[in-house]
Each structure stands twice: as structure tokens, then as C-alpha cells.
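Visitor: I have a few minutes before my next run. Can you walk me through how the chains meet in this one?

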Protein chains: 4
Amino acid sequence: MPAPIARLHRIPASSPDDVSGIISLIRTGALDPAGILAVLGKTEGNGCVNDFTRGFATRALRDCLAAEIGSEAASGVLTVMSGGTEGALSPHWLVFERAQAPVGGKVGLDGGSLALGTTITRDLMPEEIGRTPQVETVRAGVLAAMEAAGIADPADVHFVQIKCPLLTSARVGEARARGNSTATADTLKSMGLSRGASALGVALALGEIGPPDEARIGTDMSLYSARASTSAGIELMGHEILVLGMSDRWEGPLAVGHALMRDAIDSDSVRQLMERLEIGTRADVVAVLAKAEASRTGHVRGSRHTMNEDSDLSATRHARAFVGGLLAGLVGTTELFVSGGAEHQGPDGGGPVAMIVARRTVFPRA
Amino acid sequence: MPAPIARLHRIPASSPDDVSGIISLIRTGALDPAGILAVLGKTEGNGCVNDFTRGFATRALRDCLAAEIGSEAASGVLTVMSGGTEGALSPHWLVFERAQAPVGGKVGLDGGSLALGTTITRDLMPEEIGRTPQVETVRAGVLAAMEAAGIADPADVHFVQIKCPLLTSARVGEARARGNSTATADTLKSMGLSRGASALGVALALGEIGPPDEARIGTDMSLYSARASTSAGIELMGHEILVLGMSDRWEGPLAVGHALMRDAIDSDSVRQLMERLEIGTRADVVAVLAKAEASRTGHVRGSRHTMNEDSDLSATRHARAFVGGLLAGLVGTTELFVSGGAEHQGPDGGGPVAMIVARRTVFPRA
Amino acid sequence: MPAPIARLHRIPASSPDDVSGIISLIRTGALDPAGILAVLGKTEGNGCVNDFTRGFATRALRDCLAAEIGSEAASGVLTVMSGGTEGALSPHWLVFERAQAPVGGKVGLDGGSLALGTTITRDLMPEEIGRTPQVETVRAGVLAAMEAAGIADPADVHFVQIKCPLLTSARVGEARARGNSTATADTLKSMGLSRGASALGVALALGEIGPPDEARIGTDMSLYSARASTSAGIELMGHEILVLGMSDRWEGPLAVGHALMRDAIDSDSVRQLMERLEIGTRADVVAVLAKAEASRTGHVRGSRHTMNEDSDLSATRHARAFVGGLLAGLVGTTELFVSGGAEHQGPDGGGPVAMIVARRTVFPRA
Amino acid sequence: MPAPIARLHRIPASSPDDVSGIISLIRTGALDPAGILAVLGKTEGNGCVNDFTRGFATRALRDCLAAEIGSEAASGVLTVMSGGTEGALSPHWLVFERAQAPVGGKVGLDGGSLALGTTITRDLMPEEIGRTPQVETVRAGVLAAMEAAGIADPADVHFVQIKCPLLTSARVGEARARGNSTATADTLKSMGLSRGASALGVALALGEIGPPDEARIGTDMSLYSARASTSAGIELMGHEILVLGMSDRWEGPLAVGHALMRDAIDSDSVRQLMERLEIGTRADVVAVLAKAEASRTGHVRGSRHTMNEDSDLSATRHARAFVGGLLAGLVGTTELFVSGGAEHQGPDGGGPVAMIVARRTVFPRA
């Protein structure tokens, strides 16, 4: 049986609904739409509450996938749209494809290749959001996605992207009708709690922490995962989970690694990651996924920042532009998937960075 | 006669009018107010038209200097306020002081030390702004400031900071009353023309270009200085010019160098500058002054950016945050003097970067 | 033969792509989709360059209409999306339907009823945009739409809504390839020129002005139409024109009138319009369409405004919020179609206002 | 003994620090600086956290007053700076002066004249902010200011402007050091609680409510004053209180009245106020002071607004522009003191409006 091989297509978008690049790859045979596991989109809205570029992009992508592989198959594709291409960041799609390695010639590398796994968890009840049942549900989901990816050791997981639910007034009302209260009645706050609880679920699955007290969700930022990236969306009550790791069951030239930025100017961690990944030239970098946020302390290495006091511009927009510039300087491209909202995803003011690279040296199969 | 020595004090500001750090240095004797040649302030406004933090900072600074050294002496201090601490950039003052080196022990270095020179040019007539007379006036001014700094060779100049005039409706009217027309009647556009003509004056003085055709001012962006940083202010009709360079007539551990960023992600140029300056640790970096702007092409190394189409957020704010992040990752601090409006200051989308460092090894005087 | 009757459905939208209200009216029989002539949408983006809510709304509306009446018929429906619901303005759709009056009972009124007419002009060449050929093309188009509406006298026309083309870099290039130049090479500026030339075409058709000198397009704001509302879109090279007027060939309780606001606080003109329309209660007001803009003088009745100097917030957003508040106070609802970009549409700082009302007294047919 | 007479000077400002209009009135003798009780400034910043136009204006005003009447007298003048001139609102000063009526001729009116009273309360401890002691302190302060104004009946009070304190991290720490907790540790939230508690103090003093449960402060918006306008500032720990009312102990042509807007489009209440005040022409309106805010329900009279979801633009800016437009349409000027942050100041989404008018008919003293 042929081994799986992961392909990652980074495709520019000229507008939120521009799927022409995806269609073009399908037409030329470079991308088999039936193998698409997940699509991440970096869109040019503000990345905040009234960012409609995410919905616009999702609609265009769904229409495109449905036309190519049918509505049912399309509905199985994990999609995460993240708004905000501040600074010189560039709108693009990341299409994760699971293909089959050619038989008879090993294209993988010593130490394995990039492995992909996805899963969708059960729907939560509103009263579970931001609480221990969500942490547990995500923990189990991450383990399931690892299994789907053929990864046994949590140390081989380098990034977990999750789309998680949020509370609406209607959902809060449903819980109340059952005589239950929700973790919060504030819908905006519920996004942070859901992102945070999901990140702690990742941390638990990967052995980064033990089972956390419920009271620490959203409050104790010393608890975090160095490999989680979570975003909340109104369109689901479960979780869509994508695991990126290394596995010797997979073949192909792609590899993934991760770094943890300790603060917003921690370039050293990323540079060390690039060394670990033995990048020949910057052109070997296929994709970068990172979380950025303004530190709650109001300082970066002792110097005051003004992101939290800027009433004209959301702190998340500031942070994406700034960390985006740092990363672009390091890897030499502006097509970077930098997103905000990093509760329990790295330490306060810092965040996880994953890098997917194409290794040059491919050994012939013995 | 003792040799001059340049001191540069980088002082955090907790608000636009916070001069307490400056006063504190004066009180402790670390800063002699009589020796202050220039003060640059990076303030936390939007850096655009309605940024009143610049005026607020100027008022506080002027009051402080007048109290310390009298109004007349204070009026001779060159002051440039630049708004915009996007991303994690941190509000701060840069106070340039000319002191006297201790007699009997050379504290300078082989290759000389940081040298400072300032000058103020004659007032322009409104009809001269953005035209050849402005280029010529600045050229002569830069040469005068070089002489004040004791720098003979233009190759030893690494940065020229200029505050230049702009047109108002009243000034346009004055010219008309004389039967003359101005380069533009659009006051906002006049800021760009004045910055551009001033930058070309620097380029001419430093031998980077020959005398430019007037028609190319503001239009032909292939003409530029790699060492100019200009900003327009309503409060003057002449130019305030600060030259930073290296001179063996000066002593002290400070040195200055410059790089030219070719585009918004050109970290290599800055890294090479740091190597040339033989920086031991990042703590040796005393100050960074840089210009940042969104490329007019709408692209950075082939990837689209969205800065020019963002109606919610000025492109200048995007660019400062992004380039600020890149520079902060390299030098390890967020107290960086990054400003926008880079007409004829480096190529489209790029810009000059000056770095002032404290050298460790100081040779004893023979 | 039964007389035509105009229906106007004002439908709230809970998001840019929310067409559920339209579908609901179709399902209940209150709206016959085959009779839809035009749909105007007020969406919640910033109304400026990077407002993707317009495209998102258009996509959702087109999909909805295609599902109801087929793609071909749907393509004949005039659609104008206008972004910007600043202040308490409320996102909504205005669906204009041409139906047939019941036979045997006159439902119209003395003085006629609201009449609707639409037309689509020929495509312009890029070099015609913002110039006399565009003025002429729109003039002819308005006359054609009047004929379609059964309106002979220009005095019976109260509002003309137009979607007009703009220049892109590619279109400028096409003209150049033919050896021709365009009115401007600045794509943003081309929007204003196209809106302005279209408005002058309306003014010419309605006899408000004589044929204007080409040099006055975009420059001489003393030339204007008191009944034009134009917006530029990238998706067409011709013009989509909707004429609203009064005609005794039409029946039904709806009537339309217009006022000209002389400045941003000219409530008297609107109040007088309400008196002319003999509105019983505010509930009789079915729709309000208005243009709002910041005066170029920087003043309103002698007092300075700050809209043109606010680098954080587009002047068009300020103006829509402000005029929206004034109008909402008068008519008692926030579902108002207030849009910006008013070149040659009313005097500087002012703009046209159309009001469509449901008259109470309906006379029996003799 | 001559009776007091209130003068109110409305003076345009060309920038936040433009006090030239005030100085000019003093020079011409129209304003006696020794009689200044309070100065309100409407400045052109964003009115939010990083609005430095308030501090800039305060510094310029303080310098001006100190030069005119000395630092000590200047420190007794109540000053309230309110940022935000959205839409066409116009930056201006309102200078309240207490003068002496000419002896021998009654210039007052039947029903009394505008009366002014100010007071400054004791400093609060941080742990008192947003709690019952603050409500009580303000209640007592309002009564003291009424007495200073010579107003006995709370029904004669039409507006109470208050500047109140807020919490900083340092102040929260002080309370903790005493073993006490503060109402909140969130400094932004403390501003709302302080404004709210101050407004309830006004309501209590004026008999609009009975003593409120502490738990209802900041939560139960059905409790409110129809005559309070409060704003929080970092520079004080007490309260500066200005009472505006009617008293027959005062003379002069000025009168004040108030309306309560029930929602953001409640123009009827304001129109009825204008009728009650028997305004001859709009030119009789000397000043309008109003509070505006976005309703928490997200609706205005059943229609959705988008102010609370707009991440690009603070809801307070939207609300000021919108209500400003409504009021400007009614009174015919854009120099209106509209401010935001209306906790317990009118019902959710509505707010108090005070109008000061110059009555035409002045009776001769008997």
C-alpha cells in the first residue's frame, strides 16, 4: 500500500472571494480536490467582530469545493478563515492535501515527513463552553486527529489548529431554559474563553500541562500550549481540529517544526527553529503559522507599548502587523498566516510559531 | 582645547508631555542642558494630519527647556516630533548632546566617533517649496551642518534629519498676491513635495545624485538619498537640519552607520550594518532611526499588500508597525524611531536606517 | 390593460448576505420576484475602498435571484450596494417591484403615483469616463429610463440612482494601447470623475443645467443636479439607471418627492418636503434616499468641522453618521439609504434627499 | 447688593490648544477672567482612552488662566474637556462666568434666570469609587453646588456636569495595601462605574431616585438621572461639580431647560423643550449640552444598529456623530457639546439634553 504524502499549496488571493488560484491548480492537476483535508485562508478584513471577509471567503470557497467534489465531500473539509493582513502581510490560502506517495521510490526523509490529521468533535452544549467539558472534548479530539495522522508520540505534534464555538444570546438562553448558566453571558468574552479552553485541551493532550482547574481557564495565563492555535466561529458548536506533525509513516519532502516566541520581539526562537529545520534558503519555507498578541502587561522587555490604549485601532491589528514584520524579515515572504486571540496559546504577549519547509535532500528508497 | 564628544540619551516617555525623564537626567548631572543640540520625540499619536501628540510634546519640551536654559537658548534646540508608535513601538525621546571629552585620555576610537552638526536655513518663500530653490537651500544647509560637525567627506555622513516647511492656504495666497504660483495648492500634497525636495537636497549635498530636474521632484522615485529623513511641519518656513556622521575630531564610544532597506522586508541590509558596526550584544545599540512606507506598487517581493486600500487605517501606520517589528526583532528593543513619509528617501517601499552604537573597546590616548 | 403599480419593500438585513427577508416576502406572496426592477442594499461595511460587504451582499442577492427567477432574468435586475451604516443607521434592502394594479378599482391618487423606470446604457470606452461622452451617454440613458417609466416631463422626476464605471490600471492601459489618454490615471480619482460626469448627465437630462464644459467636470461644484445619486463600481463599463418619479399612468398609494439639503444641517428643506408630501404620520414614510458629504470648505454655516483632517476615520463615514442622525430624527426610523460621494450631486457639503411615502387617501376609480 | 448674572461665552477653537478666542474676549472686556466659574471644552480627539487633545487643551487653558488671574485663582476654575467632534460637530469652548447685574435696572425675567453653582468634593479613597460612598459624596456635592447657585428646589436644576475620578493600577494597589478591594481592578471599567455612581448621586440629590442598592451601580440601567452628565478623569480623586438651573435670585436674559431623549432618534423631546423655552429663532440658542450613547440592546425602535460590532470605530464616536446631526438639524449650529459615556445618565441608548437660551424680552426693573 502506498504511503501517504502531505502537500501544502500556498496560493495568493486577490480578494476575499478569489478562489481562481485554487481552481487553477486543480485544472492543471497539481492539486487533487478529493484529497483536500483543510483550507486555511488569511483574508484582508480587520480580523475583529465586523470582519465579513471571513464569511465572504468561506462562501466562495464552499461554492468552489462543492462544484469540484460535491457538497457532501466539501462539507468534510476543515476550513479556517482568519482576518487581518496588517502591514505588508499578504492575503493567501493554505490548502492541505493528503495524496499518495509514488510506489517504488521513497520520497520521504530520515526522521519522517509532514503528517496531517483532522477530526471533528461532538457538539458542545452552551453551558460546556469555556469549561472543563470543552477542555476534555478537545483533548480527546486532538488524540483522534493524531491517530488519523498516524502520530503516536505527542512530541511529534508541532501545531494544532482548531476552530471552536462561541456563545450567542440565543445559546445562552437555551442553557437558561434548561436551568443552567453559561460561563459568561458576554458573547465577545465567550470567544476568548472558548479559544482558551480549546488551547488548554491541546496542552492537556500533548502533555504540556496536567488537567487544569476550571477557574484558571481565561485567568491564569501561565498555563498554555506552545503548539495550539485556536479561533472561535459562530457557525459550529463542535470543534474542527487539524494536527500538523512529523511521522515516518508519511513520505514527501515536507517537514514541520515549531518555536515559542516568548514575547513580541523574540526573533531568536524563530531563528533557532530555522536552524533546527536546516533550511537551505528562505525559498524552502512553504508556510508559517503564528499567533500574535499585545501583552497584557503593557510592556515588551521593559518598554511600554501603546496597543492596549489605542481606541482607534484594535490591539490585535497592531500585534499582527508587528509580529508579521518580524517574521517576514526572517523568512523573506509576506504570505504568513499570523493570527490573533492567543489566550493560553503561548505566554502573555508571545505565541506559537509553526514552520513548514521543503527539504532538499530526498533519499532514494532502499 | 578638549575635543567634542557626542552623547545620546534615549529616554522613555509615559505620555506625550512626559519630560520627567529628561529633567531627571539633568538633575543627576548626566545631561547638561546647555549642550543639547537636538531632541527627537517619538510620540503615540497616529502620525497623520490630526496627530496632536506632536504639538503637545513640543509644548511640554519647550517649556522644560525654557525653564532649564532660558527661552532664547531653548529656541536654538532643533526639535523633531514624529507621531506613530504602532505595534509594540515605544514612545521615547532622543536627546543629542554635544559635550567636551575629558582632557588627557582619548575616549574615541580608531575611525573616529559620532559627530553632530546642526544648522537652520533661511526661510523659503511659499513659491519655492517643492522646487529647485528648496533643493538648493537644503543642499547648502547640509554642507553647513557638516562643517559644524567637523565632517569634510560626505561619505562620513550617515544620516540627515530635516524638518521642512509646508504650504497652507494662507501661504498659497501670499504667493498669488505676488503674482506667483506655488508647486501645488493642495496643502497635504505640499508636505510630500517639501519632504521630497528636502531629501533631494540631501542627496545632492552628499553626492548621491546630480542636480535633479524640477519636474522629477515628487514623481521620479528612482532618485533618492539613502541617508535622508525629512518631515514637514507647519511651524517653520526654513529648515532645521541635523547631521549625524563619523569624525576623528570627535571622541567618545558612540559610532553611527547606515543601511538602505530595499523593501519592507529587507532585513539583510540591516543585519549587514550590524556586522559592519561590530556590535557585541544588542545592548550596544543606542538608537535606531528609520523610514518606512508602503510601496506604491502594492506589492512586496511579488506578493500583494493591502496597505494602500485600507480605508480604516493609514498606510503609514501599517508600514511603521510592520517595519518596526522587523527592526525590533533584530535589535531587541522597541524604542525605535521609525517614521513615515519617505518621498525620495530610499527606493519605493524601502527606506534608510541609521544605527548609533556604543563601542566597547576604547583605546587609551597615546 | 391594467395600469402598473409600484411596490417598494424595505427589508432589514441581519448581515451583508442575509437575504432571508427577501425570500420570506416571496414565499408569502407579498413580493413577485419576476417584477423586481431594482434592489438597493445598505450594507454595514465602511463604504470605502476595502468595503467587501458590498460584494458579499451582491453575491448573496444574485444567488437568491438566480434561484428564484433564473440567472438570465436575475442579470436584468439593477443592483446598487452602498456601504456604510454609521451611527444608528440600519442595514436594509430596498426592493423596487413593478406590479399590475387590480383591474376595476383605481388605487392611484390625484397627481399620479410613484413610477419606476430602468435602463442600461452602452459600455463606455475607458477614455470616455469622466468626460463629455459620459455626460451624453447618461443624459440619453436617463431619458430612456423616463420613457420606460412613462414620465414625459423632467419636473416629474424626483430621483435618479445610477451605478457607473471606474478606471482600473488595466483599463487605462487599454486606452493607451489605442494611443488615447484617460481623464486620469488615478483609479480612486476616476470614481469621483465618473460619479460627477454621471450626475451632470442627469442634470442635463432634467434641464437643471445646459451642456457643461468638459473642464468643469469634477472641478466646478456650482454645477449640480438636485436629483442625482451616483455610485461607481468596478463590475461594469456602462451605467445602470433607475428613475423614480410621479406619473398618472401609474397607480397605487406610493408617491415620491425630493428636497435639496443646502448643507449638512439643512433640516428645513427636508421638513418642507415632508409638508409637501402631506405625511400623516412618520409611519407613512416608506424610504429615504440621501447623499451626504463633508463640505470642502471645512465649515458648516461658519463653524469649522474636522471631517477632512481626521486621519482615523474617512470623512464619508463622518458625514453619513451625521446626516443620518438628522434625517432619522425627522422621519423616526434608522433604515435610511444615506450614501456618500456626492460630486455634482447637490452643492458642496449638501445633497439631494428623496422620500417615498404611502399616501393614506385612495380614491375609488370613477 | 447687586444680583448675580450668568454669562455664557461660546468660543470656537481652531485647535485643541487655541485659547486665542478666550484671550480676545478678555482683552475687549467682554469677559472678566476673575468671574470664570467653569470652562467646558469640546476637543477634536477621539474621546476615548488615547485622546490627548483633552490634556493638551487643559494645559493651554490652565496656562492662559494662570497668566490672567494667577495660578491659585486658576486652580479654582472647574474645567471639563470632552473629546470627540464627530460628524460636523465643531470644537469650541463654553466659558461660564458669574458677573454682577447692573444696578437699577432689572435685566432678569419672570421665572428667574440661569443660575450657576460649583463645588469640589473631598477626595475619595480608591475603594470608594463606584460604590455607595461615591453616590453619597456626589449627592452632598450637588446640594452644596445648588446652594452656591442659590437654588433651593431640585426641580429648578436642569443640568449637573461632573468630573469624577477613576482607578489606576497604582490606586488599586493602594487599596490592596490597606487590605481592601476596589469595585473593579479593570481601569477602563472603573471609568464607567465612577461615571455611573456619580450620575446616581445626582439622581439622589435631585429626588429622581431613592438611595440605590450598591449592586445596581453599573448594572441596572433603569435607574438614571435625566439631568446628569459625568465624565471621568485621571487627574483628580474628588469631584468637580457644576450645577445649571433657574433661580429668581439671578438676573440676565439667559435661561436653561432640559429634555430627556428616550432613544437616539428622539427629536420630539428636544423639539418640545425648544417650545417650552419659547425660542424665537435658532439664534437664541446659546449652548446645547447632551449625552449620547449606543443602546446596549443593539436596536433603535426595532431596527438593528451596528455600533456595538464595529471594531474599526468606537461606538461612542458613532453615537456622538449621529445624535450630533440630529441636534444640529434642530438648533441650526454645529457647536454642540455632545459627549459619550452615559451610564445611569438617561435610559439605555438615550440621554439628557440641556439647552441654554437667550430670552429676547427683558423686563425693566420696577
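Visitor: How many salt bridges cross the interface of chain D and chain B?
Guide: This is a predicted model. Between chain D and chain B there are 2 salt bridges.

Visitor: Which residue of chain D pairs with D63(B) in a salt bridge?
Guide: R59(D) does. The closest N and O atoms of D63(B) and R59(D) are 2.9 Å apart.

Visitor: And how does the side of chain D that touches chain B divide by residue type?
Guide: That side has 5 charged residues, 4 nonpolar and 2 polar.

Visitor: What about polar contacts there? How many residue pairs between chain D and chain B?
Guide: The count is 2 residue pairs, both residues at pLDDT 80 or more.

Visitor: How many residues does each chain put into that contact?
Guide: Chain D gives 11 residues, and chain B gives 11 residues.

Visitor: What area is buried between chain D and chain B?
Guide: About 1,000 Å². Carbon and sulfur atoms give 64% of that.

Visitor: Which residues of chain D lose the most area to chain B?
Guide: F52(D), F56(D) and R59(D). Together they make up 61% of what the chain D side buries. R59(D) is also the salt-bridge partner of D63(B).

Visitor: Next, symmetry. What rotation superposes chain D on chain B?
Guide: A rotation of 180°, with 0.1 Å of shift along its axis. The RMSD is 0.0 Å. In chain D, F56(D) has the C-alpha nearest that axis, 2.9 Å from it. Both copies use the same surface, as 100% of the contact residues of chain D recur in chain B.

Visitor: Which three residues supply more of chain A's buried area than any other three?
Guide: A88(A), R304(A) and F322(A). They supply 22% of the area that chain A buries against chain B.

Visitor: R304(A) again: which residue forms a salt bridge with it?
Guide: E44(B). The closest N and O atoms are 2.8 Å apart. The count between chain A and chain B is 6 salt bridges. The polar contacts there come to 19 residue pairs, both residues at pLDDT 80 or more.

Visitor: How are chain A and chain B superposed?
Guide: By a rotation of 180° with 0.0 Å of shift along its axis, at an RMSD of 0.0 Å. The two copies are therefore related as by a two-fold rotation axis. L326(A) comes closest to that axis among the residues of chain A, with its C-alpha at 1.9 Å.

Visitor: Why do you say the copies meet through the same surface?
Guide: Because 100% of the interface residues of chain A are also interface residues in chain B.

Visitor: Last topic, cavities. What volume has the largest cavity?
Guide: About 220 Å³. Its lining has 20 residues. D312(A), N46(B), N50(B), D312(C) and N50(D) lie nearest the centre of the cavity.

Visitor: How does that lining divide?
Guide: The lining of the largest cavity has 10 charged residues, 8 polar and 2 nonpolar.

Methods: Residues are numbered from 1 along each chain as its sequence is written. Chains are lettered from A and ligands numbered from 1 in the order in which they are written. This is a predicted model: local features need pLDDT of at least 70, side-chain atom pairs count only at pLDDT 80 or more; totals for chains, interfaces and linings use all residues. Side-chain values use heavy atoms; hydrogens and water are left out. Contact means heavy atoms within 4.5 Å. Buried area is the accessible area (1.4 Å probe) that two parts lose on being put together, summed over both. A salt bridge is a side-chain nitrogen of Lys or Arg within 4 Å of a carboxyl oxygen of Asp or Glu. A polar contact is a pair of N or O atoms within 3.5 Å; within protein, one must be able to donate a hydrogen and the other to accept it, and residues adjacent in sequence count only if both atoms are side-chain atoms. Ala, Val, Leu, Ile, Met, Phe, Trp, Tyr, Cys and Pro count as nonpolar, Asp, Glu, Lys and Arg as charged, and the others, Gly among them, as polar. On a 1 Å grid over the protein atoms alone, a cavity is a set of points where a 1.4 Å probe fits but cannot get out, and a pocket is an open set with protein on both sides within 12 Å along at least five of seven lines; lining residues have an atom within 4 Å of a point. Grid points are joined across faces, edges and corners, and a volume is the space filled by probe spheres set on the points. Copies are superposed by least squares on the C-alpha atoms of residues with pLDDT of at least 70 in both.
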